[in-house]
Every structure is written in C-alpha cells, then in structure tokens.
Amino acid sequence: SLSSASTDNPSSAISFDGLTFAEALAAVATKDKRVMLTLIDLGFVEMAVNMFLTCIQPQNITNYLILSIHEDACDKLKPYNMNCYTYKKVKGASKASNFGSADFNRKTSSRAEMMKDALNSGFTILHTDADMICFKNPFDHLHCDDCDILTMIDGLADNYAVGFDYIRPTKPAIEVYERMQTMAESGTKVTKDLCCQIFKSQNVL
C-alpha cells in the first residue's frame with residue numbers, strides 16, 4: 001500500500017505548474033531529448049509508486065515523467081517526489097477499466113495521443129507500462145539511430161509486447177500512433193495483436 005511504502009527520496013520533483021506538455025517534457029528530458037513516459041489513471045497510482053521505488057529511483061533514472069489522466073493522481077505521488085504531469089482529464093480515469101470497455105478505449109486513445117504529441121515535439125520516448133521492473137537503466141542499452149520503434153518480444157506468445165517501447169520521432173512512428181488514436185476513438189479494441197499489425201503495416205520494426 002502507499003502508506004507502507006518508503007517516501008525517503010532525497011531528490012525533489014520538478015514543478016510543472018503552468019507548463020505546456022512540450023515544456024514539461026523538456027524539463028525532464030536529456031540533452032538529446034530522450035525521456036521515459038508512463039501514463040496512469042487513479043487506479044494505477046500504487047503501481048506507479050512501485051515502479052518508482054523498484055526501478056526509477058534505484059537506477060537513478062531522472063529523465064522520466066509520469067503522465068496522469070486524472071486530476072488527483074499527481075497529488076497522491078507528491079509524497080514520493082515523483083515527476084508527474086496531468087496530461088489531460090479523461091472520463092472514467094478514477095479506476096482501472098475493463099479491456100474493451102468505452103473507458104478503456106478512451107484511455108487507449110489518450111495514450112496514443114500522448115505518444116503522438118511527444119513525438120511531434122521531437123522527443124525520443126521510452127514508453128513503459130507501470131508494471132515494469134528494471135534491473136539496469138534501460139537508456140544505457142537502447143541505441144538506435146536508424147530505427148523507428150524498438151519493442152520487446154513476449155516470450156510466451158512469441159509476439160510483440162507493447163508495454164515497453166523505444167520510439168524515435170520519425171514520420172512512420174508518428175503515423176503509427178495517429179492510427180492507434182483514430183482506431184481507439186472509433187471504438188475499435190486496440191489489442192496487442194492489432195498494435196503488432198499496425199507496426200508491421202507501417203514497416204517500423
């Protein structure tokens with residue numbers, strides 16, 4: 001629980017008050033504009049804290065930003081001095097949503113929109129779900145000057161896993177997330193398999 005987790009974090013979070021999304025990204029990104037992004041709703045606050053305490057903080061990852069789609073989520077992360085920015089307010093973001101529901105599709109659309117906006121601002125993104133654990137700083141191992149998207153393989157299904165992606169701000173990569181946003185807004189269930197089909201059709205892998 002949040003009450004039992006350690007809040008002993010000597011660093012101070014950056015204040016994002018009054019900043020645009022692009023300005024918030026610039027505040028945390030490296031000089032070469034690389035940034036780790038994780039989108040959460042209110043139901044994933046505890047998971048975000050766990051990721052911070054087990055991954056971000058131990059690996060000294062400073063170029064990260066937690067993006068909230070609920071107005072209260074960032075306030076709950078303040079005791080941990082986590083970088084958090086309210087990207088937008090989305091209906092149904094007060095709790096986790098069932099896959100394929102209208103609320104889930106709204107959140108999927110918001111994630112695709114967030115990725116598209118960051119890429120259009122020229123940032124290279126390490127996008128990760130809040131349930132990831134890392135034993136090393138992933139930025140030390142992600143080097144690609146000529147790719148669009150690097151993603152990991154799901155060993156169980158031998159398919160692409162879209163919860164951990166390294167995306168460069170290229171035209172094909174931006175078009176991938178434009179398509180995902182459009183599909184989610186139309187009510188299409190944006191499954192992992194569908195994401196993989198989009199990746200392949202855009203020839204970004």
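In the predicted model, Arg111 has a relative accessible area of 26% and is therefore classed as partly exposed. This residue takes part in a salt bridge with Asp129, in which the closest N and O atoms are 3.3 Å apart. Asp129 is located in the loop between strand 4 (124–128) and strand 5 (149–154), whereas Arg111 belongs to helix 4, so the bridge ties together parts of the chain that are 18 residues apart in sequence. Asp129 also counts as partly exposed, its relative accessibility being 26%.

In total, five salt bridges were identified in the structure. Among them is the pair formed by Asp75 and Lys78, whose closest N and O atoms are separated by 3.3 Å. Asp75 is partly exposed, at a relative accessible area of 42%, while Lys78 reaches 56% relative accessibility and is classed as exposed. A further salt bridge joins Arg34 to Asp32, with 3.7 Å between the closest N and O atoms.

Lys33 lies over the face of Phe123, at a distance of 4.5 Å from the ring centre.

Aromatic side chains were examined next. The number of aromatic pairs in the model is four. One of them, between Phe21 and Tyr87, has an edge-to-face arrangement, with 4.9 Å from centre to centre and an angle of 65° between the planes. Phe21 is part of helix 1 (residues 21–28), and Tyr87 is found in the loop between strand 3 (84–86) and helix 4 (102–120); the pair therefore ties together parts that are 66 residues apart in sequence. Phe21 and Tyr87 are both buried. The two residues also belong to an aromatic cluster, which is formed by Phe16, Phe21, Tyr85 and Tyr87.

Another aromatic pair consists of Phe52 and Tyr64 and is tilted, the ring centres being 6.1 Å apart and the planes 50° apart. Phe52 lies in helix 2 (residues 45–56) and Tyr64 in strand 2 (residues 64–68), so that the pair links distant parts of the chain, twelve residues apart. Both partners are buried: the relative accessible area is 3% for Phe52 and 5% for Tyr64.

The mean pLDDT of the protein is 82, and 72% of the residues have a score of at least 70. Confidence is highest in helix 1, where the mean is 96, and lowest in helix 6 (residues 192–201), where the mean is 66. Helix 1, with this highest confidence, is also the element that contributes Phe21 to the edge-to-face pair with Tyr87. Over residues 3–10, pLDDT stays under 50, and the model has 13 contacts beyond four places in sequence for this segment. Where pLDDT is low, the predicted coordinates should not be read in detail.

Technical notes: Residues numbered from 1 in each chain as written. Predicted model: local features only at pLDDT ≥ 70, side-chain atom pairs only at ≥ 80, totals over all residues. Heavy atoms only, no water. Phe/Tyr/Trp six-rings, centres within 6.5 Å; stacked < 30°, edge-to-face > 60°. Helix = DSSP H or I, 4+ residues; strand = E, 2+ residues; numbered from the N terminus. Buried < 20%, exposed > 50% of the residue type's maximum accessible area, 1.4 Å probe, protein only. Lys NZ or Arg CZ within 6 Å of the ring centre and 35° of its normal. pLDDT = per-residue confidence, 0-100. Contact = heavy atoms within 4.5 Å. Salt bridge = Lys/Arg side-chain N within 4 Å of Asp/Glu carboxyl O.
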